[in-house]
Amino acid sequence: MIDKRVASAREAVADVRDGATVMIGGFGEAGSPIELIHALIDQGAKGLTVISNNTGTGLVGLAALLRAGRVRKVICSFPRTAGSTVFPDLYRAGKVELELVPQGTLAERIRAGGAGIAAFYTPTAAGTPLADGKETRAFDGREHVLEHGLRADFTLIKGRVADTHGNVLFHRTARNFAPMMATAAAVTIVQAAEVVQAGTLDPECVVTQGIFVDRVVHVPSPALESALNEAGASYP
Amino acid sequence: MSAASTGRTESTLGWTREGIAERVAQDIPNGSYVNLGIGIPELVARYVPAGRTLVYHTENGLLGMGPSPAAGQGDPELINAGKRRVSMMPGAAFFDQATSFAMIRGGHLDLSVLGALQVAANGDLANWSTGADDAIPAVGGAMDLVAGVKRVFVMTTHVTKEGAPKLVERCTYPLTGRGVVTRVYSDLAVIDVTPKGFKLVELAPGVAFDFVQERTGAPILRPTPRTGA
């Protein structure tokens, strides 16, 4: 019998080591796995490299992980969303490293990493500062930039429904990076608002397949960054 | 204040910000798949002529995006690339980021409308960073959009708040992409980017050619069919 459920977010992230690379799903607050991130703050791993599109807002979720001083480096496309002050302050103080990647290149690097593709050529960013120092090659007379696949030790994502085999459905634009990130980590952890037995989901509709998922945590009423921020929350 | 808040170069001349949006909308064919950049380009959706249906793509994972709901309404996980709550139209579809950027990079989108810091006569675009030392660099999907979408329209004021031309011979800000801009819609004129440089398509009502040329950092060719525009 396969049952990937674990009892709590705390248990799910217990083995994240110092210096680990962690992919965290979400575009803004949509899809941000706040309960898993907060469990990671409690767990205490430090020197992390975080791969995520943004850097969080307010003092909760991803911003709280940064504020707790656990992150050495961020790989992302847009680190200064409105309401995001923690990352900009750390960055200006030289306390966190930034690797800025165009959003589509970030998605494709993660997809490639998960799909066993070491690197690929893309026209995106050719002739711009984000191609500086990178190998380039012309295809059909057009310059392309060599970009490397990304892999991680852990991926943390949020689903709407997961089954005991780790098949996942998402909610609207909360899907964003989660399906690729699920494929690209040694250990993929999903928090889901609803967890059902295998055989319940329509196989035609599964978005992320259970083979990519290692642990499923039931988080029945996941918090939203905007609601926490409106309430003036901070974590821990 | 007036230039910044109204989007006009001078208070009595040219198109308003809404006027530019309306002018852009006239040039988008029925059935187009369109990505509107965050901010001013979003206004274009309000002015699509009756009888035309466009399908809006937002790069965070939705085709068939509809208008934003009233403040406080809507779903916090149904948002656009600017992280504002939106709605979905009949026929909408969700997808992940790799698929979204396959649509963009793979040339499946007909048009992207973007803002600009500078556009050069060779079609180079700078719209993501001024390169200032204290700036937090952020790029999002801009470089992917200009690399992959079939046509890139730029919507912008003709000059900066300080009066400097935004249409220039060569961009001085960090590039978003090389040779990517198809056409510029400013408060003063519609201008194509051609192999020979900027070329006038249309002047805003009441605006003279010389007035536009004086505020442009590179020569503008006059339209071919007629002279003395």
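**Exercise 1.** State how many residues in the lining of the second largest pocket are nonpolar, polar and charged.

*Solution.* Start with the classes: Ala, Val, Leu, Ile, Met, Phe, Trp, Tyr, Cys and Pro count as nonpolar, Asp, Glu, Lys and Arg as charged, and the others, Gly among them, as polar. The lining of the second largest pocket then divides into 18 nonpolar, 12 polar and 5 charged residues. A pocket here is an open set of points on a 1 Å grid over the protein atoms alone, where a 1.4 Å probe fits, with protein on both sides within 12 Å along at least five of seven lines; lining residues have an atom within 4 Å of a point.

This is a predicted model, in which local features need pLDDT of at least 70 and side-chain atom pairs count only at pLDDT 80 or more, while totals for chains, interfaces and linings use all residues. Residues are numbered from 1 along each chain as its sequence is written, chains are lettered from A in the order in which they are written, and side-chain values use heavy atoms, without hydrogens and water.

**Exercise 2.** Give the volume of the second largest pocket and find the residues closest to its centre.

*Solution.* The volume, the space filled by probe spheres set on the grid points, which are joined across faces, edges and corners, is about 740 Å³. Of the 35 lining residues, B:Ala45, B:Tyr56, B:Met65, B:Gly66 and B:Pro67 are the closest to the centre.

**Exercise 3.** Identify the strands of chain B that each supply at least two residues of this lining.

*Solution.* Strands are DSSP runs of E with at least two residues, and helices are runs of H or I with at least four; both are numbered from the N terminus. Strand 1, strand 2 (55-58), strand 3 (62-66) and strand 4 (87-94) of chain B meet the condition. Strand 4 of chain B gives the largest share, 5 residues.

**Exercise 4.** Describe how strand 3 of chain B is paired and whether its residues are buried or exposed.

*Solution.* Two strands pair if DSSP finds at least two bridges between them. Strand 3 of chain B runs antiparallel to strand 2 of chain B, with 2 bridges, and antiparallel to strand 4 of chain B, with 4 bridges. B:Leu62 in strand 3 stands opposite B:Thr58 and also opposite B:Phe94 in strand 4. Strands 2 and 3 of chain B form a hairpin with 3 residues between them, and B:Gly61 in the turn has a positive phi of about 125 degrees. In strand 3 of chain B, 5 of its 5 residues are buried (under 20% relative accessible area with a 1.4 Å probe, protein chains only; exposed means over 50%, partly exposed in between).
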